[in-house]
Each structure stands twice: as C-alpha cells, then as structure tokens.
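Please keep the sequence and the structure in view while reading.

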Amino acid sequence: NTLNLAADIAAMAEALRLLVGGSAHVYAVTFGLLCLVLQVFLPYQTYVRWLKWLTLALLSYVAVVFTVQLDWWTVARQIVRPPLAL
C-alpha cells in the first residue's frame, strides 16, 4: 500500500509538472503534505464529500472513451503491430 501511494503521488506530481513546469519532487512533497493535512484536520464528512467528487472526476475518463470517435480496428491493429520509425 505504501508503494502504491508513493506511485500515485509521484504520478500526480509528474502530471502537474507537465502542465505547469517546475520540480516534480516539490510537487510530490506538496501533494503528500496536503493529503496528510486534509486527513488529519478536515472533518471526516467534509473529506468524504471531496473524495466523492474527485472519484466522479476519474469516471470522466470512461465517458471520454465512449464520446471520442475512433476507428477501433486501427487502434487494435496498432496495439498488436505498432508502426516503428527510425
């Protein structure tokens, strides 16, 4: 669980670094401290309400899959045999 949590925080930091630049290490420490502070000092009911909305945001990835028009045969073909360029 600890390694999974560290990987999640590092992924969030890398995503933020890609968006705004800066140091991923600073972002990772900031995310870790923010999560710790919210869990310790925020009342449980309020924290759960925020987590429910964040979970809903994750479900938007599923919605994107169903709304994007892709040629799924091409996607499957390129997964099996990707084009290589030198």
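## Report on the chain

W72 has a relative accessible area of 47%, and because of that value W72 is partly exposed; here buried means under 20% relative accessible area, exposed over 50%, and partly exposed in between (1.4 Å probe, protein chains only). W72 lies in helix α4, residues 72–80.

The model is predicted: local features need pLDDT of at least 70, side-chain atom pairs count only at pLDDT 80 or more, and totals for chains, interfaces and linings use all residues. Residues are numbered from 1 along each chain as its sequence is written, and side-chain values use heavy atoms, with hydrogens and water left out.

**The chain as a whole**

The chain has 4 helices and 0 strands, where helices (H or I, at least four residues) and strands (E, at least two) are DSSP runs, numbered from the N terminus. Read from the N terminus on, the order of elements is α-α-α-α. The radius of gyration of the chain is 18 Å, whereas a compact globule of 86 residues would have a value near 12 Å. This radius is taken over C-alpha atoms, and the globule rule is 2.2 Å times the number of residues to the power 0.38. The C-alpha trace spans about 50 × 30 × 25 Å along its principal axes. Of the 86 residues in the chain, 7% are buried.

**Helices α1 and α2**

How do the axes of helix α1 and helix α2 cross, and at roughly what angle? The axes of α1 (residues 2–20) and α2 (residues 24–41) come within 8 Å and cross at roughly 130°. That angle makes α1 oblique to α2. Angles under 35 degrees count as roughly parallel, over 145 as roughly antiparallel, 65 to 115 as roughly perpendicular and the rest as oblique. The axes are lines fitted to C-alpha atoms, for helices over the stretch in contact, and angles run from 0 to 180 degrees between N-to-C directions.

On the side of α1, the contact is made by I9, M12, A13, E14, L16, R17 and V20, and on the side of α2 by A24, Y27, A28, F31 and G32; contact means heavy atoms within 4.5 Å. Sorted by class, the contact of α1 with α2 has 9 nonpolar, 1 polar and 2 charged residues. Ala, Val, Leu, Ile, Met, Phe, Trp, Tyr, Cys and Pro count as nonpolar, Asp, Glu, Lys and Arg as charged, and the others, Gly among them, as polar.

**Selected residues**

G32 is placed in helix α2 and counts as partly exposed because its relative accessibility is 23%. Q69 is found in the loop between α3 (44–67) and α4; at 74% relative accessibility, Q69 counts as exposed. L54 belongs to helix α3 and is exposed, with a relative accessible area of 51%.

| Pair | Apart in sequence | C-alpha to C-alpha |
|---|---|---|
| G32 and A13 | 19 residues | 9.8 Å |
| W72 and L56 | 16 residues | 26 Å |
| Q69 and I79 | 10 residues | 17 Å |
| L54 and V65 | 11 residues | 19 Å |
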